[in-house]
Structures are given as C-alpha cells and as structure tokens.
Amino acid sequence: MKWVAKIITHRKEKRIAVYFEKNAELIARIKRLEGSRWSQSLGVWHLPDTEENRIRFKILLSEGKSALSQIQDTNQLVLKRYIEEIQLKGYSESTLKTYRNEFGIYLNYLKQISAESCTVEDIRNYILFCINELKLSEATVHSRINAIKFYYEQVLRRERFLLEIPRPKKRLQLPKVIAPADIKKLFEATPNLKHNCMLKLCYGLGLRVSEIVNLKIKDIDSNSMQVFIEQAKGKKDRYVNLPESILPQLRNYFIEYKPKIYLFEGQYGGQYSSRSAQQVFRNALLKANINKTVSIHSLRHSFATHLLEQGTDIRFIQELLGHNDIKTTLIYTEVSNKNIRKIISPLDNL
C-alpha cells in the first residue's frame with residue numbers, strides 16, 4: 001500500500017498531508033486517527049503535526065521544527081516523565097495532548113535550563129512573557145499555568161508550588177444561544193437525512209460534538225426512549241432522553257444508511273469526524289441565512305436554556321448535561337431572558 005506523507009501549512013496550521021491512490025482500507029485507518037480531516041480544496045487527507053504522527057508516517061522529527069521537537073536534551077526526559085504521569089493518572093487523550101503541548105512550549109522557552117531547577121520567580125517571568133510579549137488570551141495563559149502546575153505539584157510533588165503566582169482574571173463569557181425559530185430554520189435548511197438527524201440529536205439530547213460522533217447503535221434504546229452516553233467528558237457515563245418526534249426519522253435513517261457500529265459513519269465507514277459534524281452545522285447556518293457567530297456547541301447551550309425557560313428544574317438539566325458542578329449549569333440562568341423580555345423600558349412609557 002503506497003503513500004507519501006509530508007508537512008504542509010493548511011489554514012495557517014502545520015499539518016501532515018498523506019497522499020495515496022483511493023483506498024477504502026487506508027481511508028478507514030486514517031479516519032480513526034485523532035484530528036484527521038479531508039481537505040476538499042487540496043484533495044488530501046491531513047492530520048495534526050504531532051510526534052506520534054511523524055513517527056507513524058516516517059517524517060523526520062526535525063522537519064518543520066515544532067516546539068516539541070526543539071526541546072533541548074536537558075528537558076527531554078522531563079517531558080517523557082511528564083507524559084507518563086498523565087497516562088498513569090488515566091487522563092483523557094485530549095487532556096494529555098493539551099498539557100503536553102503547553103508544557104512543551106514552556107520547556108522550549110527554557111532552552112538549556114532544567115525545568116526541575118526553576119524557581120517560582122522563573123515561572124512568574126515566563127507567565128509575564130506570555131502576557132506581555134506573546135499577548136496570549138486569559139484562557140490560554142490559564143492553560144499554560146495548569147500545565148506547568150501539573151509538573152511541579154504532581155510530578156515533582158511540590159505542594160502549592162505556584163500559589164504565589166496570580167492568575168489573570170477570566171472574561172465571563174455567556175453561552176451563545178440560538179432562538180427556537182432559528183433552530184427550526186436550521187433543520188428546514190438541511191434536507192440531507194443523515195445531517196438532519198445529527199443536528200436534531202445534538203439539540204434534542206443536548207450533546208457535545210464529541211458525544212454525537214461517538215454514539216453507537218447499541219447506545220440507543222427505543223423501548224425505554226433513552227440514549228446511553230458512554231465515557232463523555234471527565235470519563236463520565238450518563239443517560240439522556242430520546243425525543244419521541246425523532247424516532248420515525250431515525251428509523252428511516254437506519255433503513256437508508258445502514259450504519260454498522262457508530263450511529264453516524266463516514267462515506268467509507270468508520271466513525272464520523274467531529275470536524276465534519278461542525279461543517280454540517282456551518283453549512284446549515286449559511287443555508288438558513290442565520291447571521292450569528294455560533295458553533296455546533298451552541299445547540300447544546302440552546303437545549304439547556306430552552307429547557308430552563310420551559311420551567312425544567314436546574315438539577316435535572318445538570319444531570320442531562322453531565323455537569324459535575326451545579327455552578328456550571330447555573331450559567332444558563334444568566335442567559336435565559338424569558339422574564340427580562342417582559343420588562344418594558346421607561347422610554348416606551350413616555
């Protein structure tokens with residue numbers, strides 16, 4: 001099976017492009033790799049530029065010079081032990097990738113200085129560099145601090161090591177919600193049966209995009225009208241209710257598409273990608289002429305907000321969303337404006 005892989009820059013991001021003649025088996029294998037995407041404009045499958053993918057596709061680690069590949073020998077063992085600690089704690093692949101990349105950037109910044117020898121003052125100066133020189137957002141700075149904190153407090157066992165370093169205040173960002181009328185327009189603008197089912201289940205079940213693409217056929221119980229969400233964020237299982245209105249459409253979908261394992265599968269089989277699901281939503285947004293800066297995750301936000309406005313108890317909403325902390329769910333009380341909309345401005349009474 002012949003293929004050629006090389007580093008490309010696609011949409012200002014370093015990626016590994018894999019070129020080969022059309023082959024269903026290889027396509028299925030590539031689609032199973034995290035972060036794989038198909039580029040219609042380039043006509044090629046491409047994946048994240050990671051050390052694992054470079055080894056997998058036989059690309060020199062030095063090619064492209066990513067932050068991880070530039071870490072000095074002094075800190076290479078530090079990074080190895082760091083990754084092993086995350087794996088031993090059973091963190092998700094997504095968390096491992098985020099922490100590894102953020103910590104790798106820090107190690108690259110240190111050059112020949114050993115991370116183990118750094119003081120709180122050294123780390124403070126690095127955080128100031130991220131804020132003042134790199135102009136990173138508050139959320140990214142928090143992510144950098146968390147990654148560094150994990151090393152000194154979890155790997156080196158230095159308790160409360162970064163306690164003296166203040167964190168930048170985060171912006172209070174309210175969830176972006178889509179009005180019920182616009183959600184209905186989204187569905188009407190999506191005639192493709194598979195895509196329509198996908199969007200309706202995202203909204204009707206309040207799912208994250210990772211949860212919709214991970215849904216398996218066996219997870220849907222039409223007798224109890226429940227759907228099992230397995231190992232979602234935080235490795236937490238939960239059940240959600242299957243809307244009765246979607247059942248006839250789901251049965252038609254099964255007859256037409258005949259999925260084998262996952263509820264939504266790609267053109268050549270295998271799991272549907274999160275990127276493709278997001279593109280389905282963006283296409284629907286355009287076709288419905290909805291001029292809002294929202295993502296597919298806004299369907300989940302809308303599900304929670306609309307339930308709240310219907311009078312559903314906040315604790316039930318917390319359970320359906322799979323939130324560990326009720327404070328996370330309470331943010332929707334600030335979004336819901338059902339009662340505020342009833343207030344008449346004094347201007348209208350003049």
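Me: Before we start, what do buried and exposed mean here?
Reply: Buried means under 20% relative accessible area, exposed means over 50%, and partly exposed is in between, using a 1.4 Å probe and protein chains only. This is a predicted model, where local features need pLDDT of at least 70, side-chain atom pairs count only at pLDDT 80 or more, and totals for chains, interfaces and linings use all residues. Residues are numbered from 1 along each chain as its sequence is written, and side-chain values use heavy atoms, with hydrogens and water left out.

Me: OK, so is Cys-130 buried or exposed?
Reply: Cys-130 counts as buried, at 1% relative accessibility.

Me: Switching to strands. What's the order in the four-stranded sheet?
Reply: That open sheet runs β1-β2-β4-β3 with antiparallel pairing. Strands here are DSSP runs (E, at least two residues) and helices are too (H or I, at least four), numbered from the N terminus; two strands pair if DSSP finds at least two bridges between them.

Me: Which strands are at the edges?
Reply: β1 (4-10) and β3, each pairing on one side only. β2 and β4 pair over four bridges, and Arg-15 stands opposite Pro-48 in β4.

Me: And what joins β6 to β7?
Reply: Five bridges, with the strands running antiparallel. Their hairpin has three residues between the strands, and Gly-234 there takes a positive phi near 75°. β5 and β6 also form a hairpin, with four residues between them and Met-225 in the turn at a positive phi of about 55°.

Me: Last topic: how much space lies in the second largest pocket?
Reply: About 940 Å³. On a 1 Å grid over the protein atoms alone, a pocket is an open set of points where a 1.4 Å probe fits, with protein on both sides within 12 Å along at least five of seven lines; lining residues have an atom within 4 Å of a point. The volume is the space filled by probe spheres set on the points, which are joined across faces, edges and corners.

Me: Which residues sit closest to its centre?
Reply: Of the 34 lining residues, Trp-38, Ser-39, Gln-40, Trp-45 and Ser-276. The largest share of the lining, six residues, comes from α11.
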